[in-house]
Amino acid sequence: MTEELRAVIFDVDGTLVDSERHGHRVAFNRAFEEFDLPYRWDEELYGELLHTTGGQRRIEGYLAGEGVPEDGRTELAKALHTRKTEILEELVDDGAIDLRPGAQRLLEELADAGVALAVGTTGSRRWVDRLLRRMLPEVRWDVVVTGDDVTARKPDPEVFTLAMEKLGLDGPAGAVVLEDSAEGVAAAHAAGACCAVVVNGYTADHELADADLVLDGFGAPGEPAAVLADPHDTGSDGILTVDLLRTLLQRPKR
Ligand code: XBP
Ligand code: MG
């Protein structure tokens, strides 16, 4: 049976935008500084910390590793994360975060093709809404699910299951998830969805053997992305298009 492509669910951090190195990481460090804490996350350390999804969880796990006593640790992580979120909003307003090349092209093509557009991120609602409004003002999102809307973060599937439910899909068969990380692929597959990956500098070495397609970007005519894995033999030329996502959806069931 041919599956119809009904919706694409986009991860935000690392997928739609290059937000981690010069956005979130900087905001976490400024919050530490303002709280007179000695912690600073350099680019390399931050790559390891990214495996803990969700900013508050990331801080709390780090504080535990630094020997901060359990009593008061959650409260400190919460306060740091609240301030970090405010700082990130300022960075968004200052234009410190870039869209990934080709993301906007694909969004426009999908909208023209009548495919529903959704966001599924573990990031916080406040900055996500602000970033989408500022950086993609033309895009009409059908559904936006953030970390504030779920009880468990990726690799738990809840964010994608909820997005598909809100999209009104009667199952994952008509949806493709676009992700950048191993945690994202695990979440998408646990939700039963097809998952294509556009890796970035932080996720190029992630374990992505389960992904349905791996490119190192969205690609553009004349500037294709590198095809790093094409397990379903789509014959991708390195440009993520609506047709490629439709082809991917016809993959054999796992
Ligand atoms: C992104 C995250 C987020 C951001 C920080 O994961 O884990 O926590 O790094 O945002 P994904 P918050 O791209 O898999 O959704 O501080 O708002 O959590
Ligand atoms: Mg991501």
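D233 lies in the loop between β9 (227-229) and α9 (242-249); helices (H or I, at least four residues) and strands (E, at least two) are DSSP runs, numbered from the N terminus. Phi of D233 is positive, near 55 degrees, although the residue is not a glycine. D233 has a relative accessible area of 68% and is therefore exposed. Here exposed means over 50% relative accessible area, buried under 20%, and partly exposed in between (1.4 Å probe, protein chains only).

This is a predicted model, in which local features need pLDDT of at least 70 and side-chain atom pairs count only at pLDDT 80 or more, while totals for chains, interfaces and linings use all residues. Residues are numbered from 1 along each chain as its sequence is written, chains are lettered from A and ligands numbered from 1 in the order in which they are written, and side-chain values use heavy atoms, with hydrogens and water left out.

D36 also has a positive phi, near 55 degrees, and is not a glycine. Its place is the loop between α1 and α2. The table sets out the two residues.

| Residue | Phi | Relative accessible area |
|---|---|---|
| D36 | near 55 degrees | 71% |
| D233 | near 55 degrees | 68% |

Another loop, between β5 (143-145) and α7 (158-167), holds P155. The peptide bond from K154 to P155 is cis, with omega near 15 degrees.

Which residues of helix α3 (residues 55-65) are buried? They are G55, R58, I59, Y62 and L63. Seen down the helix axis, these buried residues fall within an arc of 130 degrees, so they line one face of α3. The arc is taken from the directions from the helix axis to the C-beta atoms. An α-helix has 3.6 residues a turn, so residues three or four places apart point the same way. The cover over the buried residues of α3 includes α1 (20-34), α2 (43-49) and α4 (73-93), where contact means heavy atoms within 4.5 Å. After α3 comes G67, with a positive phi near 85 degrees.

The magnesium ion (ligand 2) is coordinated by D11 (OD), D13 (O) and D180 (OD), at 2.1 to 2.2 Å. Donors are N, O and S atoms within 2.8 Å of the metal (3.2 Å for Na, K and Ca); water is not among the atoms, so sites may look incomplete. The spacing of the donor residues in sequence is D-x1-D-x166-D. D11 counts as buried because its relative accessibility is 3%, and D13 is buried at 12%.

A search of the whole structure finds zero disulfides, a disulfide being a pair of cysteine sulfur atoms within 2.5 Å. The sulfur of C195 is 7.4 Å from the closest cysteine sulfur, in C194, which is too far for a bond.
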